[in-house]
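Please consult the sequence and structure below alongside the text.

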Amino acid sequence: MDQIIVRGGGALHGEIPIAGAKNACLTLMPLTLLTDQPLTLTNAPRLSDIRTMTSLLQSLGSEVVSLQDGQVLAMSSHDLTSQKADYDIVRKMRASILVLGPLLARYGHAVVSLPGGCAIGARPVDLHLKSLEAMGAELDLRDGYVFAKAPAGGLRGAAHGFPIVSVGATENALMAAALAQGTTVLKNVAREPEIVDLAQCLRRMGARIEGEGTSTMTIEGVTQLNGATHPVVTDRIELGTYMLAPAICGGEVECLGGRIDLVATFCEKLDEAGVDVVETERGLKVSRKNGRIRAVDVVTEPFPGFPTDLQAQMMALMCTADGTSVLEERIVENRFMHAPELTRMGARIEVHGGHATVHGVEKLRGAPVMATDLRASVGLILAGLAAEGETIVGRVYHLDRGYEKVVRKLRGVGARIERIKEVTSDE
Ligand code: UD1
């Protein structure tokens, strides 16, 4: 297993290109299951989660060809050979559940394993299932699988309100409704940019959708969808992560492809903390204003609120801020596993349930730490960049799920970071 070694201390200068969004790409890829015509995604990120979705689609009989070093995914699901998503692939990634809606809508039946994914909280899929049931699906949960069947004649449009906002459940329902008979009205839907991207791609394929980016979406089902070519939206989480690098270390970094509308609430918090963000023709330029970072409080919420996927990285910034900040996690249970690791680096953090209180210290010190999930791992790297001495981050496979070329991108702005093969005791 590889490790990442970070030697902290220096300011960062230069530019970092931001990739297409992992979470958008993972929901766009299953759209291939809705049509027998080719679907091509451009600006795809090169990540292990994308390779897992590729394997899942291929196991169903889709053709997925990766072109231009993985930045273009050419997909076709002309003749699917299976409507069963096996545990062996699904367990690696929770987003695998996103094949359920499309398979059910196009084929009238599907068998999908219940998912695994990051070890953060319980994270059920009941909201996905309820929305499909509202469209007439019969679901049977046994042996760790969902056995789903549409009514004769296919899924039927329905009015459905989500009791809590869920990104994935909104995506599954939207994909299923695109091919259902009649009108579907979905209320209390997620408004994330990845949902807007999904609706835009579906529209290119001939779907009739209104209201994406608001909390109600209306979908007029069509009998078939066409192929399309669609660029994946910029990854706002990768963007926010790299914006934090000069905030923590000092210097000035331009994040190419960055857009304020993707990270508006996050930028408000950076401004409060004493970080300058300027829109340029090519993206967002970030630098620290004079003096030490100020402590700010953060509450994670569905978009347009502060994203849970930037909470660990923001905590890394707060560790060396002037004063005390409270980070409240309202989206994902048990998402403070990075706190004890940061404490190993000299941070002063107390966690009580869904709140973490961070008392800023002058300096962090490098230490061996363990990545516990995808976003936590990059939070530890950011902390390492600010720390005195050497930080060794283990279990970096989490990182490969969501950050392409992280070492290369950070080295490009002057960070002292390298990836090494771990030497185990029996080697
Ligand atoms: C997506 C993102 C993930 C991000 C999360 C919240 C992808 C691939 N992943 O995950 O990076 O952290 O949004 O912004 O896009 N819930 C239920 N029942 C369900 C579904 C969800 O109770 O059926 C709960 C979850 O446990 C969680 C909350 O709803 O507490 C929000 O989860 P959701 O928005 O569904 O997250 P994901 O789509 O899984």
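The lining of the largest cavity comprises two nonpolar, one polar and four charged residues; here Ala, Val, Leu, Ile, Met, Phe, Trp, Tyr, Cys and Pro count as nonpolar, Asp, Glu, Lys and Arg as charged, and the others, Gly among them, as polar. The model is predicted, so to speak of local features requires pLDDT of at least 70 and side-chain atom pairs count only at pLDDT 80 or more, whereas totals for chains, interfaces and linings use all residues. Residues are numbered from 1 along each chain as its sequence is written, and side-chain values use heavy atoms, with hydrogens and water left out.

**Cavities**

- The structure holds two cavities of 30 Å³ or more; on a 1 Å grid over the protein atoms alone, a cavity is a set of points where a 1.4 Å probe fits but cannot get out, and lining residues have an atom within 4 Å of a point.
- The largest cavity contains about 50 Å³ of space, where a volume is the space filled by probe spheres set on grid points that are joined across faces, edges and corners.
- A21, N23, E194, D235, R236, I237 and R375 line the largest cavity.
- The second largest cavity has a volume of about 30 Å³, and its lining consists of A19, G20, P45, L47, D235, E238, G402, Y403 and E404.
- By class, four residues of the lining of the second largest cavity are nonpolar, two are polar and three are charged.

**Ligand site**

- The ligand has 18 residues around it, of which D126, L127, S166, D309 and I331 come nearest; a residue is near a molecule if one of its heavy atoms lies within 4 Å of it.
- Domain 1 (3-19 + 234-420) and domain 2 (22-231) both give residues to the shell around the ligand, so the ligand lies between them; the domain bounds come from an automatic or database domain assignment.
- An N or O atom in the side chain of R94 is 2.7 Å from an oxygen atom of the ligand, and a backbone N or O atom of V167 lies 2.7 Å from a ligand oxygen atom.
- The side chain of D309 has an N or O atom 2.6 Å from an oxygen atom of the ligand.
- On its own the ligand has 740 Å² of accessible area, and the protein covers 85% of it; accessible areas come from the Shrake-Rupley method with a 1.4 Å probe.
- Two or more residues of the shell come from each of α5 (126-134) and α6 (167-178), with α5 giving the largest share, three residues; helices (H or I, at least four residues) and strands (E, at least two) are DSSP runs, numbered from the N terminus.
- The shell around the ligand has eight nonpolar, five polar and five charged residues.

**Second largest pocket**

- The second largest pocket holds about 200 Å³ of space; a pocket is an open set of grid points with protein on both sides within 12 Å along at least five of seven lines.
- This pocket is lined by 14 residues, and I248, R288, T320, K363 and A386 are the closest to its centre.
- α8 (236-249) and α12 (374-386) each supply at least two residues of the lining of this pocket.

**Backbone**

- Most residues other than glycine have a negative phi, and most peptide bonds are trans.
- F303 and P304 are joined by a cis peptide bond with omega of about 10°, and P304 is placed in the loop between β18 (298-299) and α10 (311-318).
- D143, which is not a glycine, has a positive phi of about 55° and lies in the loop between β8 (138-142) and β9 (145-149).

Conventions
Polar contact = N/O pair within 3.5 Å; in protein donor to acceptor, adjacent residues only side chain to side chain.
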